[in-house]
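Welcome, and please open your viewer. We will go from one selection to the next, and at each stop I will tell you what is there.

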Amino acid sequence: MSDLAISVSGLTKRFGEKTVVNNVSLDVRKGEIMGFLGPNGSGKTTTIRLMCGLLEPDSGEGRVLGHDIRTERRAIKRKVGYMTQRFSFYEDLTIAENLSFVAGLYGMSPKRQVVRDTIADLGLTARKDQLAGSLSGGWKQRLALAACIMHKPALLMLDEPTAGVDPKARREFWDEIHALAHGGLTVLVSTHYMDEAERCHRISYISYGDLIAQGTVPEVVQGAALTTYVVTGGDTALAARLLRGAAGVDQVAPFGATLHVVGRDAMALKTSVDTVAFQTGSHAELSDTSLEDVFIQLMGAA
Amino acid sequence: MNRFFSLHRLVALLIKEMIQMRRDRVTFAMMLGVPLMQLMLFGFAINTDPKALPAALVSPTQDRYTRAMVTALELTGYYRFIAPNATEGEAEDLISRGEVAFVVTVPSDFGRRIERGDHASILIEADATDPSVASGAISTLSTVANSALLREAGQGQASSNGLEIIVHRRYNPEGITQYNIVPGLLGVILQLTMVMMTAMALTREVERGTMENLLSMPANPLEIMLGKVVPYLIVGAVQVVVVLVSAKLVFNVPFVGSLSLVLAGVFVLVLALVILGYLLSTVSRTQMQAMQLTFFFFLPSLLLSGFMFPYRGMPDWAQVIGEIFPLTHFLRLIRAVMLKGADFSAVAGPFFALVLFAFGLAVLALFRFRKTLD
């Protein structure tokens, strides 16, 4: 077996006429946290479903944990934990009932012990007989995660796990993910949040089915080769209006009282920004390009 | 602009509602399909005064009087002699299987007695498990038979002693409707609850998004199907006990046949129905659609199976459609066994039809399931 937990190439999936995943290749090393990014409807969920054996690809091949994604889907399901985007445990079962259902499906033993330990780890012992449907968003997410890792998977796939969860719960969730990865678990997590992407070891950016960028966060930022200026003071509203469409300017985004101006052509950008800064009496300064700037750029290019 | 009622708000609501209605294809089809189906079924298929009922004739001496009788009976439109020269045993067999609704027995000395002007009699046995089937046919009997004989024998001869027509309402001599309805009701209740419950149970998983999770865990289609089906088999078993016990204790429906044969039939029926429900759930996306599909299936089967209206009274095309419902076959089986005491060989036809349904539906369901993974 190689040191890759996921190694797929040329994955393509069509639903009718629509190609949802187009020729996606992805390598995820063992023990790393891979961020999986892309705009809404870009095929992230479908790609994840292809890799955990829920869908069969129209073309392409690959191995997940050493198992063929076409022929060994059963084996993959046993070793992978998949947390769906929507809470997909039974809202009309209690926490304990949900967990013992999962334990039963995976044939874990001693079942009661495993369930009791999982509930204790979650810190939900006092509420174990509460219906899952009555839990708050943050708790539902923690329950779902606990249920997904109960069978000690080697690979965890999380599909937008923190949607609708407050910042504190999100941070705790990520601490947990890092702890798991430290213990040897490989994690593939799709997200829209830049701060979450930055917590990943590596990221892959997929757009409308195509894989566009892959690497560590600095690699991806560097690879985009963007120049960013921050414009402060003066009439920023006027500056924004003047900068949009100016030579070398690809993005103009207001951040509070400041403007982020991003472009690929450093020389042309500098000229435009300096001119506008002079006209509007504001001050322009070279700045670091953020991951978000890169993604907006990538989305615009796609 | 009126604050309490505005036309443009109403129009906006109407447009939105109509768009939604059009998008939901299944509901839209139901809205057009159900009235059309009801119209066809009630208008053309259902007949509460059934005509051309199959009959057997037992007449050792096929003389001219017998022929006159038979012709007269057929002319009423109620009788159709499909076995015009049956032996007593054959006739008994036919009526017990439900293949004929009447057995007309003309004794061998019938003609001689008529000619001598003696007292003569014929026996008409009617399958009264469904009292409404026999009533019309029986009520026309005596006048028709008498006038036919008078014509045949010439005036004056037969009139002196007349003709006695003995009518035996077999299996249900008092013509109690419950005898027919209650055993059939078992099938109807099972059909509604089993199909609907199973269809909804699986659709619920899809609708709530739990299906995706379930499939990502190591459970295969067969396990999921059995996991869904078995609980409802148990519910079905409870319903069977309730209906059979109340048939006996509350409605005093006779139970002359073998209980184990009835239970075997019930088991196969429930199996077929539950799998059908499962099949419906693989084609519907929401619980609402599953319920609509259930009713789309339930309604014609109720009308065409012979539960509400006599099967024999329907035109041929409707009888053919009736054959595609498991309920039709179950009704034949349970009525024959409970009321007529039919043995396995007599109900083998409907029994194996049910087995075929269960098997065919199971194959279809497993096939469909594989598709829904994608």
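The radius of gyration used here is taken over C-alpha atoms, and the globule rule is 2.2 Å times the number of residues to the power 0.38. What you have loaded is a predicted model, in which local features need pLDDT of at least 70 and side-chain atom pairs count only at pLDDT 80 or more, while totals for chains, interfaces and linings use all residues. For your selections, residues are numbered from 1 along each chain as its sequence is written, and chains are lettered from A and ligands numbered from 1 in the order in which they are written.

**Stop 1: all of chain B**

Select chain B and show its C-alpha trace, which spans about 90 × 60 × 35 Å along its principal axes. Its radius of gyration is 27 Å, whereas a compact globule of 374 residues would have one near 21 Å. Switch to cartoon to see 15 helices and five strands (DSSP runs numbered from the N terminus: H or I of at least four residues for helices, E of at least two for strands). Of the 374 residues, 41% count as buried, that is, they have 20 or more other C-beta atoms within 10 Å of their own, with C-beta atoms placed from the backbone.

**Stop 2: the two domains of chain B**

Now colour 53-170 as domain 1 and 177-373 as domain 2 of chain B; such bounds come from an automatic or database domain assignment. The centres of these two domains, over C-alpha atoms, are separated by 39 Å. Where they touch, 11 residues of domain 1 are in contact with 12 residues of domain 2 in chain B (contact: C-beta atoms, placed from the backbone, within 7 Å). On the domain 1 side, pick out β1 (53-58), α4 (88-97) and α6 (131-139) of chain B, each supplying at least two residues. Which element gives the most to that side? It is α6(B), with three residues.

**Stop 3: the two domains of chain A**

Move to chain A and select domain 1 (4-215), then domain 2 (222-301). Their C-alpha centres lie 37 Å apart. Here 10 residues of domain 1 of chain A are in contact with six of domain 2 of chain A. To find the domain 1 side, highlight α7 (194-197), β9 (202-207) and β10 (210-215) of chain A, which give two or more residues each. The largest share, three residues, comes from β10(A).

Methods: Contact = placed C-beta atoms within 7 Å. Buried ≥ 20, exposed ≤ 12 C-beta atoms within 10 Å, placed from the backbone.
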